[in-house]
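Take a look at the model below.

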Amino acid sequence: MESPYNLRSKKASHRGKGDHVTQGTNGSARSKRRSFNGDETDSRQQSGSTQIVVFLILVVDLLAFTMILPLLPSLLDYYSQHDKTGLYSHMQSSVDSFRNLLGIPDTQKYNSVLFGGIIGFLFSFLQFIASPVIGAASDRYGRRPLMIITTIGIALSYALWAVSFNFTVFVLARVVGGISKGNVSLSTTIVTDVSTPKTRGKGMALIGMAFSVGFIFGPMIGAYFARGSSFNPDTYINIPALLALGLAMLDLLIVLLALKESLPADKRVSSFGSRLNDIWDLTNPISLFNFTAVQKTSPREKSILRQVGFSYFFYLFVFSGLEFTLTFLVHRRFQYTSMQQGKMFVFIGAIMALVQGGYVRRIKPGRERSVALVGMCILIPSFIVVALSHAPLQFYVGLTLFSFASATVVPCMTTVVTMYGSDDQKGTIMGIFRSLGALARAVGPIIFSTVFWMIGATSCYIVGAFSLLVPLVLLKTVNIEKIQ
C-alpha cells in the first residue's frame, strides 16, 4: 500500500506532464498564430508599398501625358506654317469637310478642338488595339517586363516629339505613345495581383487619384509653357517635350528600382500562344465584347464580364462624348477663354481627387456596383443641369455633380471586373476592359460632336443624360455574385 505522499507525488507528476503537453500544444498554436499574423502583416505591407509605387508611376506618367493638352493649339499653329510633308494639309482638309458638313463655325478655337479630336481618336484607337495584347503578354512574361517595355515606348514617343520639326514625326510620336499606353491597364492589373477582394477597391481609388492629380497639374505645367513661350514657336516643341522625356525617364527609373514583380512564375500561363489563341480574339471588337480570349472561366463568370464590359463601354461612350463637347458649350454660351477652360478642368480634377481619396477608398467591399449605379444616377441630372444652364453659377452646380459622380463610376466598375478570372488571366481581362474604354473614348467624341452641332447643346446634353439609362440598366440587371 502506497503512502498518501507517494500518491500525491504521482498525481502531481501526472498533472505536470499533462500541463507540459497542454502548454506545448498551446505554445505551438500561439507560435503558428504569430507566424500567420506575421505573414499576413508582411503581405499587407508589401501590397501597400507596391500600390504606392504604382501610384507614383502613374502620377509621373500622367503629368507628362497631360502637359501637351494646353499646348496643342499652339503646336497646330506651328505645324500649319512649318510642315512641308503635306500630312497637316491633308488632315486639315478632313477637318474642314467635317466642319462644313455639321455647320461648325470656321474659327481657330473650333479648328483646334476638332484637330485635337482627330489626334485623340488615333491615340485611343491604338490603345484599343494594344491594351489586350499587352495584358495577355503580361500573363505569360510577368507584369514588370511589360511595364519596362511600355515605359521605354512612352519615353521614345516623347523623344520623337522633341525632334518633331514636321507634322509627320509629331503624329508618329503620338502613334508610338498610343501603342505604349498599355502601362495603365498593367498598373490596374498589378494592383489586382497584390490586393485582396476586401482591399481592391482602395487600390482602384488610388489609381483614380493618380489620374486626377495628373490631370490637375499636368495641364498647368503645359499652360505655363504656352504662356511663357508665345514669342518663340520652336520652344513649343523642344522644352515641353524634353521635360516630358525627363519625366518618362524618371518613370523608367522608378519601375527598374522600385517595382517588384506581382505575378509569380508558377501562376503564369505556360506559353504566350495559349493565352493569345488567335490574335483576332484580342483585336476584333466582337471578340473583345464577348471576352473570347479569356479562358478557364465558367459561362456564368463570362456572362458577367460581358454585361459589365458593355455597360462600361456605353457609359464611357456617352461620358467621353459629352466631356469632349464641354469645350464647345462653354465657348459658345459663356465665351470662356482657354485659361477659363483650364480652370474649369482643374475644378473637375480637384473634386475628383477629393472624392476618390476621401470617399471611394472607404467604400465597403461588395458595395462597388451600388456606388457605380448611384454615380450614374447622379450624372443624369448633372447633364440636364448643364444643358439648361445659362449662367456660370448654374453651370458649375451641374459640373460639381458631374465631377462627384464621374469620380466613382470607373474605379467601382473596375473593382467589380477584377473579382473574376484566375491569376494567370487578370492581365488579359484588364487589357480587354481598358480596350473597351479606349474604343468608347475614340468613338464617343465623334458621335456627340456631330449631335452637338446638328441639334444644339441643350438637346445634345439631354439626349446624353437619358442615354445613360442604358448602362445603368445593364449594370443593375447583371447577376453579380461574390467570387472567392
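Helices are DSSP runs (H or I, at least four residues), numbered from the N terminus. The model is predicted: local features need pLDDT of at least 70, side-chain atom pairs count only at pLDDT 80 or more, and totals for chains, interfaces and linings use all residues. Residues are numbered from 1 along each chain as its sequence is written, and side-chain values use heavy atoms, with hydrogens and water left out.

Start with the rings. Rings of Phe, Tyr and Trp (its six-membered ring) pair if their centres lie within 6.5 Å; planes under 30 degrees apart are stacked, over 60 edge-to-face, and the rest tilted. By this rule there are 31 aromatic pairs. Here are two.

| Pair | Centre to centre | Angle of planes | Class |
|---|---|---|---|
| Phe125 and Phe128 | 5.8 Å | 40 degrees | tilted |
| Phe395 and Tyr396 | 5.7 Å | 90 degrees | edge-to-face |

Phe125 and Phe128 both lie in helix α4 (residues 108-141). They are 3 residues apart, about one turn of the helix.

Which residues are buried? Buried means under 20% relative accessible area, exposed over 50%, and partly exposed in between (1.4 Å probe, protein chains only). Phe128 is buried at 3%, while Phe125 is partly exposed at 34%. Phe395 is buried at 0%, and Tyr396 is partly exposed at 22%.

One aromatic cluster is formed by Phe289, Phe310, Phe313, Phe314, Phe317 and Phe448.

Val184, Ser185, Thr188, Thr189, Thr192 and Asp193 of α7 meet Lys426, Gly427, Met430, Gly431 and Arg434 of α16.

Terms used: Contact means heavy atoms within 4.5 Å. Helices (H or I, at least four residues) and strands (E, at least two) are DSSP runs, numbered from the N terminus.
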